[in-house]
Amino acid sequence: MDAIILQILNGLDKGSAYALIALGLTLIFGTLGVVNFAHGALFMIGAFCAVTLNKLLNLSVETVDPTRTDFLGNPLKVKTPYVENWFGPEFGHAIIDWSVPLAILFSIPIMIAIGFIMERGLIKHFYRRPHADQILVTFGLAIVLQELIKHYYGANPIQTPAPDAFRGSFDFGAMLGFDPNTIIYPYWRMIYFAFAAVIIGGVFAFLQFTTFGMVVRAGMADRETVGLLGINIDKRFTIMFGLAAAVAGLAGVMYAPINSPNYHMGMDFLVLSFVVVVVGGMGSLPGAVLAGFLLGILESFASMNEIKSILPGIDQIIIYVAAIIILLTRPRGLMGRKGVMED
Amino acid sequence: MLGLNKKDATLLGVVAVLVIFAPFILNPFPQDSAMAQFNAGYPDLMQRFVIFGIFAIGFNILFGLTGYLSFGHAAFLGVGSYSAVWMFKLLSMNVIPAILLAMVVSGLFALLIGFISLRRTGIYFSILTLAFAEMSFRLAYSVLTPITNGETGLQLTLEDPRILGQTATETGGIPVTSLFGMEMRETATMYFGGWSFQFNNGYYMCGVILLLAFYISIRIFRSPFGMMLRAVKSNQQRMNYTGLNTRPYTLAAFVISGMYAGLAGGLMASMDPLAGAERMQWTASGEVVLMTILGGAGTLIGPVLGAGFIKYFENIFSKINESVLHSWFHALPDGLENALIWIAEHFVGSGWHLTLGLLFMLVVTFLPGGLVEGGQRIGRLFSRKKQADKKTATQSTPAE
Amino acid sequence: MTNKLTRRGLLKTGAVGGAGLALPTIFTSGANAFTNEPTGGTVTLGFNVPQSGPYADEGADELRAYMLAVEHLNGEGDGGMLNTFSSKVLEGNGILGKKVEYVTGDTQTKSDAARASAKSMIEKDGAVMITGGSSSGVAVAVQSLCQEAGVIFMAGLTHSNDTTGKDKKANGFRHFFNAYMSGAALAPVLAKTYGTDRKAYHLTADYTWGWTQEESIMAATEALGWETVQAVKTPLSATDFSSYITPVLQTDADVLILNHYGGNMVNSLTNAVQFGLREKVVNGKNFEIVVPLFSRLMARGAGENVKGILGSTNWHWSLQDEGSQAFVKSFGTKYGFPPSQAAHTCYVQTLLYADAVARAGSFNPCAVGEALEGFEFDGMGNGPTLYRAEDHQCFKDVLVVRGKENPTSEFDLLEVVEVTPVGQVTYAPDHPMFAGGALGSCNPGA
């Protein structure tokens, strides 16, 4: 029983990441009709916003400590971060410690700006082009972005820890009346889940309850008619692109403490998030979220030893098996709309 | 000639000339010159050009004609390679049975996957093919290791039975692949002044098969069957409403295209008897999509050009390192030399991916029809009178 | 059309052009005694390392080491390990008086790409030796290519038993240690530190290297009294290991062994620490995590999580012997940071190859192979070392290391706990974990 609860938690947690990326991807599919292969790269850039802020805060003055030596036998250079000099060691240390939450604020303007530039500078020219061309150009962009990151940050993963206060894990089981220490779960992963829930809720509320959102939804359903009504839908779509980029970026920022970011993490998530979007159904935001959580939970259950012993290797392919079954039984995924990306 | 109209015959002729003289065309620089780095006329790369050309031609029969974007085509190439290597291990080192088996097995595999995936259209179809291919890759890498040898890749060993051949040569080595005794790896070298040109048996065998594959592809493009496939692309619904079942046509295209991929896989194994699971990864499937779009989807020659373009960058640009850059720029003053090297380093050597990504973006932005369109534009610059007749041999009818 | 393509036709073309024709050269007999026999004043080596993909940083470090080795062979720089190497035939005038030049390529950590890159070095650039790589799949694939082509392959970082086990080749040589040695060196230290009454849970990367690593460490720990509770395979492509870590909590295991490398290792270790495994107490004992193969470069990605974790490594820059010191000094002076174990093994392999050529007096792969087989040397950082003739594997001391509690710099992540003597990690050539393959005979390509 406790094993199952744990795997559900794991699934929700993985599902949060899938759902957030798929949500952004669907916003772009649904509003702009663009297949964005660079979406994984946006997620990766978000994570590297956290890395960058961490590095910026760690910019240091070097002082030579003659009593110690480095690996070549020269006097050791001791580094003290500027922030510790400016704000005193304790407060300075606290700022560095909280770099990931701070990076949320840092990343939002950056991601929105990147989204705007991408849309206005590149994607705009591809609205009327075939999907294949969109794939090629955004894939090219994704490669360029990740190579730039690789050039400046290297290929190895870079650790970006969560604040000290959230590094431990929480005894979930004791609270629910199980034996202590059977169901424990890391704080940060629970925060990630809560954060994802807030973002997803926020996006839905924005689309559902604001006039702006209403127009965008109308545009998703029938772009031409909305345009004929004299509404400048393009401008709103640009803003939606910025929003989608910000969602992907935030998913990346918060993901950085869970797994150390590296330059190809975007590509690792890219294919998976496409599967999630399509299984959810093209053009459906709730579908994307639902599919994200569903596949996350399925993946977690498939990695249980009891299941692996019956079907060896099932954890390697479960997502794809699920995708095939769903697409064969439900022609447009879980909640897809007719006619979106079907030709 | 050969049932082709004049334009197609000319195109086939041009391709044939290019294939025959590739060892000269690809080696334009003398061996000792600094530009020799850009020579691509060595057997392995020439074989790759041709093999990936075949792969892309096959992919184009599906994608270019029917508009069905398969994201799992590498699986057929992988299956073809595995079948060919197993043939070398069990039967003989002759490439003919290996290539035939590769085509048959990948054709059957394509029939199975196509039968299921073609029940859906658009992106749903793409994701179904992707799912099958990723499953094949992941299983081949892990649980299917007894058949595929997993991470290391399936290779020949000194203990293979090889019913119609020898297990090991007299000198204790593993026998090499051959076409009735003609070794695939045998290469003749011709020296001419500062140049050296390499003529490789395997390359010419692949070249002949490429011409054959290209010819068949032209015939398909120009046949009523090809017309039907184009009709599927422009409006499948209308076809269905007229009471016509399009599924058999698309399935046939899918299987043909899968067999082309299997043929390419079989040839790869024949040139170099090893089959690795990465051949089936989604990135490999993506690569053939990129080749086709980059060259010009729906055109006859485009996919071959795209394949050559990507393989050239992968193999030539990745090998330009710092010391090569130094040798190019050493005549310049130190400051300028270092500045140039610093800039160039981003784009060559370990930065070759960046160059490739930038070129993808540039080509697709400025040449919507891919490299073929670039060629046409240049062609038009030189012969103005052809401008009236825009529909050249290489350009297919736009579908939408 | 095909008739025109016969060799005779080509011969004629050549003759008409008035060109000299040597027939055939590469891969088959002809003018040269062996593949790519260097005839001019230079000799070309092929450095085939990952420059893209997850191991690009290790590849970059390997490349730095190769460039340093070339400098030292050509008599530039401070000579590095040439001064401490027990064999003194290399004089800093290149190899056999020929200046050493090199070409580089990108393996992409894919066997196909690695072979394509190696082939271009052999066919286009005339490389007489290929070296490098940062994974066993690539090493095995390139090794068999070199066997067919008739050049020497000096493996880079490859840790699988198979490289010198069932996939060994006469033209291939490995200096790096292997999974068996990791197990044999690590197990006694584990038993000493954590006791002999332990229950281990294995997470293993689901591919060839992972399996040999699991098999080796399992055998070694079980021999010392440990019990294996469960061994679970994880997909290579996995990034989040939470669903593999949580089942550990349900068992009574008190040690988690992570048979992972690279990005897998960083993520699984980070996840394990996140789930509070290190604070756990099971059966009255502290829960422990073990990483059998440590890579310092990769360990940086796991940051604080590596502290106190035991593992093994081929070499570490903090070693105090003369050879290591000389190498660290010349590498550190040139690049500003200490070398990794990948850099070390690549540097040493290059020198060993050059030395073997010099001792053999020929670049012929068969002569070089003979010179390397059974070669005993010292002064290369791992103590007295033997290149065993039976399987072309180096036998030397193995380091057991632990993540350092108080690092003084970003490079100072590991501390050496024990230098396991070579005798303890030596095995018979027909050991079951290595059985099934044969070296075959050396191939000079002629």
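These exercises work through a predicted model with chains A, B and C.

**Exercise 1. The fold of chain B**

Task: Describe the secondary structure of chain B and judge from its radius of gyration how compact the chain is.

Solution: 
- Begin with the elements. Chain B has 15 helices and 6 strands.
- Next, take the radius of gyration. For chain B it is 22 Å. The globule rule gives 21 Å for 400 residues. The two values are close, so chain B is as compact as a globular protein of that length.
- The C-alpha trace of chain B spans about 75 × 65 × 40 Å along its principal axes.
- Turn to burial. In chain B, 55% of the 400 residues count as buried.
- Finish with the contacts. Take those in chain B between residues at least 6 apart in sequence; 73% of them join residues at least 24 apart.

**Exercise 2. Where chain C touches chain B**

Task: Which element of chain C gives the most to the side that touches chain B?

Solution: 
- Count both sides. Chain C brings 50 residues into contact with 43 residues of chain B.
- List the contributors on chain C. Two or more residues come from each of α1 (7-16), β1 (21-22), α2 (56-73), β3 (99-106), α3 (111-123), α4 (136-149) and α6 (208-223) of chain C.
- Pick the top one. α3(C) gives the most, with 7 residues.
- Sort by class. This side of chain C holds 21 nonpolar, 18 polar and 11 charged residues.

**Exercise 3. Where chain C touches chain A**

Task: How many residues does each chain give to the contact between chain C and chain A, and which element of chain C leads?

Solution: 
- Count first. Chain C gives 38 residues and chain A gives 38 residues.
- Name the elements. On chain C, two or more residues come from each of α2, β8 (227-234), α7 (242-250), α8 (262-274), α9 (296-302) and α10 (322-335).
- Split by class. The side of chain C that touches chain A has 16 nonpolar, 17 polar and 5 charged residues.
- Check the confidence of the partner. Chain A has a mean pLDDT of 88, and 100% of its residues reach 70 or more. Within chain A, helix α7 (residues 172-176) is lowest, at a mean of 75. Helix α2 (residues 39-57) of chain A is highest, at 94.

**Exercise 4. A sheet in chain C**

Task: Which strands stand at the edges of the open sheet of 3 strands in chain C?

Solution: 
- Write the order. It is β14-β15-β16 (chain C), with antiparallel pairing.
- Read off the edges. β14 (375-377) and β16 (394-395) of chain C each have a single partner strand, so one side of each lacks a neighbour in the sheet.
- Look at one pair. Strand β15 (residues 385-387) of chain C and β16(C) run antiparallel over 2 bridges.
- Place the residues. C:Y387 stands opposite C:C394 in β16(C).

**Exercise 5. The domains of chain C**

Task: Which elements of domain 1 of chain C give two or more residues to the side that touches domain 2 of chain C?

Solution: 
- The domain assignment gives domain 1 (42-177 + 317-396) and domain 2 (180-313) of chain C.
- Take the separation. The centres of domain 1 and domain 2 of chain C, over C-alpha atoms, are 30 Å apart.
- Count the contact. Domain 1 of chain C gives 14 residues and domain 2 of chain C gives 14 residues.
- Identify the elements. They are α2 and α4 of chain C. The largest share, 3 residues, comes from α2(C).
- Classify. The domain 1 side has 3 nonpolar, 7 polar and 4 charged residues.

Terms used: Residues numbered from 1 in each chain as written. Chains lettered and ligands numbered in written order. Predicted model: local features only at pLDDT ≥ 70, side-chain atom pairs only at ≥ 80, totals over all residues. Helix = DSSP H or I, 4+ residues; strand = E, 2+ residues; numbered from the N terminus. Rg over C-alpha atoms; globule rule 2.2 N^0.38 Å. Buried ≥ 20, exposed ≤ 12 C-beta atoms within 10 Å, placed from the backbone. Contact = placed C-beta atoms within 7 Å. Nonpolar A, V, L, I, M, F, W, Y, C, P; charged D, E, K, R; others polar. pLDDT = per-residue confidence, 0-100. Pairing = 2+ DSSP bridges. Domains from an automatic or database assignment.
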